[in-house]
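Work through the exercises below with the model open. Try each task before reading its solution.

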Amino acid sequence: MDDPELEALRQRRMQELQQQAVQQQQEEQKRQQVEMQLQNAMRQILTPEARDRLNNIKLANPQMAQQLEMQLVQLAQSGRIPVPVDDAMLRNILGQITPKKREITIERR
């Protein structure tokens with residue numbers, strides 16, 4: 001009843017699916033490894049209060065937090081900031097990378 005060609009196609013498709021699953025698992029492991037390295041770097045670079053602030057920023061604006069983390073790692077590696085970075089210095093750095101908001105006023109005549 002089973003067509004040998006159909007069975008061969010099924011086997012190839014199963015192999016492709018298995019390879020995709022393995023690749024996805026490897027990518028996930030790499031992503032987790034990078035995340036762990038970044039977290040370890042943040043533990044070394046930031047004080048506990050500054051880490052708390054960074055975690056709050058992650059909840060509110062994940063893209064900004066990621067940008068801030070990358071900048072902190074670069075600054076620390078180049079030696080342009082003293083390690084550990086305290087909360088006040090983190091706020092200062094955050095103020096520099098945060099775009100300035102224009103204040104809009106509406107006047108009625």
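**Exercise 1. Faces of α2**

Which residues are buried in α2?

Solution. A50, L54 and I57 of α2 are buried. Buried means under 20% relative accessible area, exposed means over 50%, and partly exposed lies in between (1.4 Å probe, protein chains only). The three cover an arc of only 55 degrees around the axis, so they sit on the same side of α2. The arc is that of the directions from the helix axis to the C-beta atoms. Now turn to the other side of α2: E49, N56 and L59 are exposed there. Finally, look at the cover: α1 (4-45), α3 (62-78) and α4 (87-97) are among what covers the buried residues of α2.

Before going on, note the ground rules. This is a predicted model, where local features need pLDDT of at least 70 and side-chain atom pairs count only at pLDDT 80 or more, while totals for chains, interfaces and linings use all residues. Residues are numbered from 1 along each chain as its sequence is written, and side-chain values use heavy atoms, with hydrogens and water left out.

**Exercise 2. Helix lengths**

Solution. Helices are DSSP runs (H or I, at least four residues), numbered from the N terminus.

**Exercise 3. How α2 meets α3**

Describe the packing of α2 on α3.

Solution. Two packed helices are described by the angle between their axes and the distance between the axes. For α2 and α3, the angle is about 140 degrees and the axes are 6 Å apart. That makes α2 oblique to α3. Axes are lines fitted to C-alpha atoms, for helices over the stretch in contact, and angles run from 0 to 180 degrees between N-to-C directions. Angles under 35 degrees count as roughly parallel, over 145 as roughly antiparallel, 65 to 115 as roughly perpendicular, and the rest as oblique. From α2, the contact uses L54, I57, K58 and A60; from α3, it uses P62, A65, L68 and E69. Contact means heavy atoms within 4.5 Å. Sort these residues: six are nonpolar, none polar and two charged. Here Ala, Val, Leu, Ile, Met, Phe, Trp, Tyr, Cys and Pro count as nonpolar, Asp, Glu, Lys and Arg as charged, and the others, Gly among them, as polar.

**Exercise 4. E69**

Is E69 buried or exposed?

Solution. Locate E69 in helix α3. Its relative accessibility is 4%, so E69 counts as buried. Now list its partners, not counting residues up to four places away in sequence: E69 touches L38, Q39, M42, L54 and K58. On the α1 side, L38 and M42 are themselves buried, along with A41 and I45. The buried residues of α1 pack against α2 and α3.

**Exercise 5. α4 and its ends**

Which residues of α4 are buried, and what do they pack against?

Solution. D87, L90, I93, L94 and I97 of α4 are buried. They cover an arc of only 120 degrees around the axis, which puts them on the same side of α4. These buried residues pack against α2 and α3. The axes of α2 and α4 are 8 Å apart, at an angle of about 35 degrees. E49, A50, R53, L54 and I57 of α2 meet D87, L90, R91 and L94 of α4. That contact divides into five nonpolar, no polar and four charged residues.

Take D87: at 16% relative accessibility it counts as buried. Leaving aside neighbours within four places in sequence, D87 contacts T47, E49, A50 and R53. Take I97: at 18%, I97 counts as buried too. With residues up to four places away not counted, I97 touches L68 and Q71.

**Exercise 6. A cis bond**

Where is the cis peptide bond that involves P84?

Solution. The cis bond joins V83 and P84, with omega about 0 degrees. P84 lies in the loop between α3 and α4.

How values were computed
Helix = DSSP H or I, 4+ residues; strand = E, 2+ residues; numbered from the N terminus.
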